[in-house]
Each structure stands twice: as structure tokens, then as C-alpha cells.
Amino acid sequence: MAMMRVVGVDEKKGSSLISIKLIGLENYTLWSSTMRVSLLGKSKLGFVDGRYPKEKFPHVLHELWKKCNAIVLSWIINSVSAELLSGMVYGSSAHKVWMDLKETFDKVNGSRVLYLHKQIATLAQGLSSVSAYFSNLKELWAEFDALMPCPGCGCEESNKYVENFEYQRLLQFLMGPNETYSQSSNQILNMSLRPSINKAYSMIISEKSRRALSQSSQVSEVNEGTSLFSNKGISSGDPVQLNAKGNHGQNHNFLGMR
């Protein structure tokens with residue numbers, strides 16, 4: 001029954017599994033991690049990591065295995081940029097194509113790690129929104145963690161390390177928003193219970209919404225006051241004096257007479 005579930009075919013060949021396209025060394029780690037999660041959700045990860053070779057299944061399921069292998073292979077091909085497709089379209093094994101890509105692009109490139117570290121350290125909100133800034137930062141963190149995974153276990157010392165690591169990430173996030181959010185950042189850092197990064201982001205967004213509402217109310221009050229002043233001036237019936245040139249509100253002498 002478990003084998004039938006593994007080779008069960010309920011997807012269409014040629015469809016796309018993820019939206020990310022593999023373009024080379026620079027995004028292999030992100031692409032690979034995303035593909036693995038998606039394949040795991042489809043119960044098809046074993047077709048690429050070698051755990052589900054055809055020989056492992058009874059002969060009666062070999063045709064179903066071939067169909068599943070073809071679907072997984074099409075998912076891989078459709079998630080690779082056109083420049084890298086040469087040779088892949090002739091592959092018959094999803095596992096072999098996957099391993100070829102891994103051997104070619106799965107390199108812990110020191111220059112890439114340095115680049116990500118610098119990007120994380122210098123990333124700022126600038127002209128973008130807080131949401132866009134936070135999204136970019138999380139994407140950089142994800143790739144950096146994939147290249148340089150954080151070691152850990154269930155011991156007390158490891159838990160302390162994780163807490164310090166999360167605090168560093170919180171500081172990195174709070175360094176990025178524009179100066180208008182400095183007060184909110186200070187309030188977050190002075191909280192007795194240190195919030196998570198997602199909670200801190202939520203607090204920053206709430207402050208942004210509060211400010212937008214406050215500014216909207218102030219503009220509305222100014223407009224109402226201006227309108228009220230204008231209506232009073234018109235309804236008072238005060239005469240409007242014209243000077244010799246027809247200008248309002250100026251008193252000129254005519255023929256030297258007051």
C-alpha cells in the first residue's frame with residue numbers, strides 16, 4: 001500500500017512545481033531547498049535522492065514508476081532556465097539529472113557567503129516599504145542558512161546559542177527600517193520579554209498603520225477648518241472693496257481725497 005502511494009500518479013506531466021528558476025551557482029541552494037520541500041509534499045522526494053529506484057518496486061508497479069519518474073523529471077526541467085537545459089531534455093532518470101545538477105552547482109562558494117553576509121549587514125529599507133525590506137532580508141537569511149547551517153542539538157548550551165542567534169537576527173532587522181521607526185525599534189529592544197522577529201515586524205507594521213491613520217485625520221481636520229473659514233467669509237455679507245485697479249482689500253486715495 002505504501003509503495004502504491006509513492007508511485008501514485010495524480011499530477012500532470014509538464015506542469016511547474018515551483019516558481020523559482022535555477023540559473024546557476026547563485027541560486028542553486030535556494031532552488032534545491034524549495035524543490036525538496038515541494039517534492040516531499042508530493043511524496044516524490046525519493047525519486048531524486050535515490051531512495052526510490054525502480055528495482056525497489058515489484059515488477060507490476062514498474063510502469064507506474066516510469067510515469068512518476070517522467071513527471072518528476074518534467075518538474076525539474078520546467079524549473080531550470082533555458083540556458084541550462086542542454087542535455088537535460090534527453091535525460092531519462094530524475095535521480096541522475098538531479099545529481100548532475102547537484103554536482104555542478106552545489107558548491108559552498110566562499111565569495112557567495114561573503115556577498116550574502118555583506119548584503120545582510122548593509123540592507124536597509126530606503127525607498128522600499130517595510131514589508132519589501134523584511135521580505136528581502138528573510139530571503140537573504142534563508143540562502144545564508146542553507147549555505148552555512150547553524151549547528152545545534154537539544155542541550156542547554158545549544159539553546160543559549162540559538163537564543164543569541166535569534167537576538168542577532170532581531171538586531172539586524174531593526175537596523176534596516178528608516179529613521180521614522182527608530183522610536184518603535186527602541187521600544188521593541190526595551191521590552192522585558194524579547195519578541196520574536198515576526199512579532200517585531202508586526203509591531204513595526206502596526207506603528208506604520210497608526211501613523212498613516214493619524215496623518216489622515218490631521219489632513220481631514222485641516223480641510224474641514226479651511227472649508228468652515230471660507231463659508232463664514234462668504235456668508236457674512238461684508239462688502240468687498242475694490243481699488244482703482246480692481247484689486248481686493250487695498251485702500252487707495254482717489255484724487256488725493258480720503
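This is a predicted model: local features need pLDDT of at least 70, side-chain atom pairs count only at pLDDT 80 or more; totals for chains, interfaces and linings use all residues.

Reader: At what angle do helix 6 and helix 7 pack?
Author: About 150°, with the axes 10 Å apart. Axes are lines fitted to C-alpha atoms, for helices over the stretch in contact, and angles run from 0 to 180 degrees between N-to-C directions. Helices are DSSP runs (H or I, at least four residues), numbered from the N terminus.

Reader: Parallel or antiparallel?
Author: Helix 6 and helix 7 are therefore roughly antiparallel; that term covers angles over 145 degrees.

Reader: Which residues of helix 6 and helix 7 make the contact?
Author: Helix 6 uses Arg112, Val113, Leu116, His117, Gln119 and Ile120. Helix 7 uses Leu137, Leu140, Trp141, Glu143, Phe144 and Leu147. Contact means heavy atoms within 4.5 Å.

Reader: New topic. How much space lies in the largest pocket?
Author: About 270 Å³. A pocket is an open set of points on a 1 Å grid, for a 1.4 Å probe, with protein on both sides within 12 Å along at least five of seven lines; lining residues have an atom within 4 Å of a point.

Reader: Which residues lie nearest its centre?
Author: Of 14 lining residues, Phe144, Phe165, Gln168, Arg169 and Gln172 do.

Reader: Which helix gives the most to that lining?
Author: Helix 8, with six residues.

Terms used:
Residues are numbered from 1 along each chain as its sequence is written. Side-chain values use heavy atoms; hydrogens and water are left out. Helices (H or I, at least four residues) and strands (E, at least two) are DSSP runs, numbered from the N terminus. Angles under 35 degrees count as roughly parallel, over 145 as roughly antiparallel, 65 to 115 as roughly perpendicular and the rest as oblique. Grid points are joined across faces, edges and corners, and a volume is the space filled by probe spheres set on the points.
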